Amino acid sequence: MIEVLSNAALATIQDQGRQGYLRYGVGTSGAMDRVALAIGNLMLGNPDDAAGIEIPLFPFRVRFTQDTAFALTGADCSARLGERPVLPWWTLQAKKDDVLTIGVPASGARCYLLLKGGVDVPVVLGSRSTQLRGEFGGFLGRQLKKGDVVQAAAVEPVHGETINDLAGFGITPPSWTLGELETSPVADPADTVVRVLPAGEYEAYEQDSIEAFWRESWKVTPQSDRYGYRLGGPVLVSKRPVEMRSHGIVPGVIQVPPSGQPIIQLRDAQPSGGYPKIGTVVEADLWRLAQARIGSKLRFVQTSYEEAVDAQDELDRYMTKLRNLVGLHRGTRP
Amino acid sequence: MSPILERVLDATTTGAMTSKRPQQNLQGTVHLTTPSDSGEKPRISLLGTSAMLFEAPGELDLQTQRRIWALGQRAAKWDGIREAVPGMSNLMLTFDRPPRQPASLVAALHDAWEAAEELSLEGKTVVLPVQYGGDFGPHLSDVVAHTGLSVDEIVALHSEPLYTVYALGSHPGYCYLGGMDPRIAAPRRKVPVLGLPGGAVSIGGVQTGVSASAGPSGWNTIGHTDMSFFDPARTNPAMFAPGDMIRFSVERIVR
């Protein structure tokens, strides 16, 4: 269906994640920006659990080995299908032998390439996501490389639906609709702002450290990837050494190793850990984090549990609205 | 409601960092280095809107762990709970959807903990040959430096007990083991080490374990064993389960 032409490493097959195996030591994996993946699937009429390709390094080039509809979501990439520009958050029809080049994004960090039908790889422990540490799931349990041919699942044509129903439209990026979050003091517009709920060891930190945690910008260091973002900023100091017993953790948890430089655990993170936790980036904002680039800065804004649940509800309502809009758009096509 | 969760909710709903709360409250009620030192009450905290963590009071021992297993079996059946994940004398509950009233879940956890009897899981016993030290045990010297014991003493103490698998975690198939001699405890590393090979036998704090595949670790790697722990093709993919027993036999010591 598509052949990978570039050497760009780190691209992986991801779906919404692998649930229910934490007690076997298996983390969730799944798309870093689950919103972008879900929107791409919506645009193509794919099942919600369909897998796509997460691309964090550019340029990334593929050749279509047959006609198919595809969608590009996530980072604002300058993409071309042959010589034709492809807008971000857009779905298009590709012809056999067309080459899609996804360039360096103007903003954002991760682009999602979705194929009509979804990427066809075996479901392992309930998911098609790549488990890099366990070397299973996704495409042979590894990152894609040059020469790999990725298949899309066969799709039964829906009665009366033509290929044009699927392609040739775009949607407004979620960052426009959902907006940026406010901070005090006001964040640099280039910073990524996310909501954080204090976690179990929040109060173990010195007052100066807690204040710095909320006030300062945190640099996403080059040692940041799908496992986690290692941040650079003021050293966070605990009142006394904290040694925890190993316990379950989830993506978004902000651990503070003894170096005092926090690490945000992300989709490929271990499902358990022992470093103290100062906070957790709420699930509703993990997609924002996913699009923060190495070298950029993060700001944390304190939230309450109730507000964090509301934020999740807001995100769900946004997805429902989008689903209705896409359905309506299809319905009005001749 | 647990004081911990109460404090977290309070801290966040008031939007205050500290100014609205008396300082002695902050200082006086935190038991962090050893949450169990507080003696009686479990500690319950939120992991964002995705999960809740229950930490049992008391020692890290088999009696406590057996009650954690019992609590996990029970909580896994509750409405809205996606998964109950035992850790080392603690239990994480992940949510299908975040509960609107986390306080009722906190209360349910307290009640279920009070009622939890020790659950005896009778598992298999496996002997794992270990090569201690050398290239595969790069941090053995750090454990020597920390404990003041010799390599031989550390190896003898580490290979003596019959360890119980308390929980799985960290990465697919990894076992957290209970029963390590506290004399060879050594703090986790200041910075995690990247790219350690699978089969790494390591010490982190008062715990020991064996890695199931290559990857990063913040623990002190003291040796290596050849053993495959995980097969994703199986319905029950992990070779070990809580309640299984592991003994390390000394294959070789590289100095």
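## A tour of chains A and B

Start with chain B, which has 6 helices and 13 strands (DSSP runs numbered from the N terminus: helices are H or I with at least four residues, strands E with at least two). You are looking at a predicted model, where local features need pLDDT of at least 70, side-chain atom pairs count only at pLDDT 80 or more, and totals for chains, interfaces and linings use all residues. Residues are numbered from 1 along each chain as its sequence is written, while chains are lettered from A and ligands numbered from 1 in the order in which they are written.

**Colour by confidence.** The model scores ipTM 0.94 and pTM 0.89. Chain B has a mean pLDDT of 84 (the predictor's confidence in each residue, from 0 to 100), with 85% of its residues reaching 70 or more. Now select residues 1-38 of chain B: pLDDT stays under 50 there, and the model has 59 contacts beyond four places in sequence for this stretch (a contact means C-beta atoms, placed from the backbone, within 7 Å). Where pLDDT is low, the predicted coordinates should not be read in detail.

**Chain B, by domain.** Select 3-115 for domain 1 and 125-254 for domain 2; bounds like these come from an automatic or database domain assignment. At their contact, 7 residues of domain 1 of chain B meet 9 residues of domain 2 of chain B. Helix α3 (residues 62-75) of chain B gives the largest share of the domain 1 side, 3 residues. By class, that side has 5 nonpolar, 2 polar and no charged residues (Ala, Val, Leu, Ile, Met, Phe, Trp, Tyr, Cys and Pro count as nonpolar, Asp, Glu, Lys and Arg as charged, and the others, Gly among them, as polar).

**Zoom in on Pro242(B).** You'll find Pro242(B) in the loop between β12 (220-224) and β13 (245-254) of chain B. Pro242(B) counts as buried because 23 other C-beta atoms lie within 10 Å (buried takes 20 or more other C-beta atoms within 10 Å of a residue's own, exposed 12 or fewer, partly exposed in between, with C-beta atoms placed from the backbone). Beyond four places in sequence, its contacts include Trp69(B), Pro86(B) and Tyr166(B). Across chain B, 47% of the 255 residues count as buried.

**Over to chain A.** Domain 1 is 2-174 and domain 2 is 180-303. Their contact takes 20 residues from domain 1 of chain A and 14 residues from domain 2 of chain A. On the domain 1 side, α1, β5 and β10 of chain A each give two or more residues.

Next, pick out the open sheet of 6 strands in chain A, with the order β2-β3-β10-β5-β8-β12 and antiparallel pairing (strands pair if DSSP finds at least two bridges between them). Its edges are β2 (12-14) and β12 (169-170) of chain A, each pairing on one side only. Inspect β3 (residues 52-55) and β10 (residues 107-115) of chain A, an antiparallel pair with 3 bridges. Glu54(A) has Tyr112(A) in β10(A) as its bridge partner. Helix α1 (residues 34-44) of chain A lies across β2, β3, β5 (68-76), β8 (90-94) and β10 of chain A, at about 155 degrees to β5(A) (axes are lines fitted to C-alpha atoms, for helices over the stretch in contact, and angles run from 0 to 180 degrees between N-to-C directions).

**Last stop: where the chains meet.** Show both chains: the contact takes 56 residues from chain A and 60 residues from chain B. Elements giving two or more residues on the chain A side include α3 (207-215) and α5 (305-332) of chain A. That side has 26 nonpolar, 20 polar and 10 charged residues.

Notes: Contact = placed C-beta atoms within 7 Å.
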